Amino acid sequence: MHMQRPLFIGLAGPSGAGKTTLVKHVTDRYPHITHIRLDGFFKAYETFPKCGRWVNRETPENIEWDNFFAALTSLREGKPTLFPLYEKKSGVQCGEELISPTSIVFVEGYLLYHDPRIRNLFDKKMYMHVSVPEQYARKKSRWPEMDDGYFYEVVVPMGEDTEMIAAHT
């Protein structure tokens, strides 16, 4: 018996919006939904470009777009697919996980709609908006040593760019 193509749902939003937390709650409640994180496709931290005096963790250049597209396409075709795992604190990929598609695949990531090839894979697209003060509080709780200047000069403007892309999908 051939499985019908999975329903692909995308969730984008600014860094620190709570995308991963939301999708984890959904998949805990509904275990038949597969959770995919764009974060697994970050390049190694030492390759991230600078933005002023900071390493820019927020730019699309940091993502392995071709690999992400290939993995999503494979999963969308119903094939079990290897997905990399990424450790944000150390800034490196730390393994991989074989994921078999289910009837619903929920994909989340900050820059999820940046690449049009990937954007076009989704049956449903959502954007999670969060206020700047709430975004700041969430990022600071996960990354206490974050420089406030980095947040206001890099994170906030990059989030505005992401919101503009999402508005035009």
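These questions and answers walk through a predicted model of a protein chain.

The model is predicted, so local features need pLDDT of at least 70 and side-chain atom pairs count only at pLDDT 80 or more, while totals for chains, interfaces and linings use all residues. Residues are numbered from 1 along each chain as its sequence is written, and side-chain values use heavy atoms, with hydrogens and water left out.

Q: What makes up the order of elements in the protein chain?
A: Helices (H or I, at least four residues) and strands (E, at least two) are DSSP runs, numbered from the N terminus. The protein chain has five helices and eight strands. Starting at the N terminus, they follow the order β-α-β-β-β-α-β-β-β-α-β-α-α.

Q: How do you know whether the radius of gyration agrees with that of a compact globule?
A: The radius of gyration is taken over C-alpha atoms, and the globule rule is 2.2 Å times the number of residues to the power 0.38. For 169 residues a compact globule would come near 15 Å, and the protein chain has 16 Å, so the value agrees. Along the principal axes, the C-alpha trace spans about 55 × 30 × 30 Å.

Q: Why is Leu 38 called buried?
A: Buried means under 20% relative accessible area (exposed is over 50%, partly exposed in between; 1.4 Å probe, protein chains only). Leu 38 has a relative accessible area of 2%, so this residue is buried. Across the protein chain, buried residues make up 45% of the 169 residues.

Q: What does Leu 38 touch, leaving out residues up to four places away in sequence?
A: Contact means heavy atoms within 4.5 Å. By that rule Leu 38, in the loop between strand 2 and strand 3, touches Ile 63, Trp 65, Phe 68, Glu 108, Gly 109, Tyr 110, Leu 111 and Leu 112. In the protein chain, 68% of the contacts with a separation of 6 or more are between residues 24 or more positions apart.

Q: What makes the pair of side chains of Asp 39 and Arg 37 a polar contact?
A: A polar contact is a pair of N or O atoms within 3.5 Å; within protein, one must be able to donate a hydrogen and the other to accept it, and residues adjacent in sequence count only if both atoms are side-chain atoms. The side chains of Asp 39 and Arg 37 make such a contact at 2.7 Å.

Q: Why is Tyr 86 called buried?
A: Tyr 86 has 13% relative accessibility, so it counts as buried. This residue sits in strand 5 (residues 81-87). Among the residues that Tyr 86 touches, not counting those up to four places away in sequence, are Asp 39, Gly 40 and Phe 42. A polar atom of the Tyr 86 side chain lies 3.5 Å from the backbone oxygen of Lys 43.

Q: How do you know whether Thr 59 is buried or exposed?
A: The relative accessibility of Thr 59 is 7%, so this residue counts as buried. Thr 59 is in the loop between strand 4 (54-55) and helix 2 (65-76). Leaving aside neighbours within four places in sequence, Thr 59 is in contact with Pro 49, Leu 111 and Met 158.
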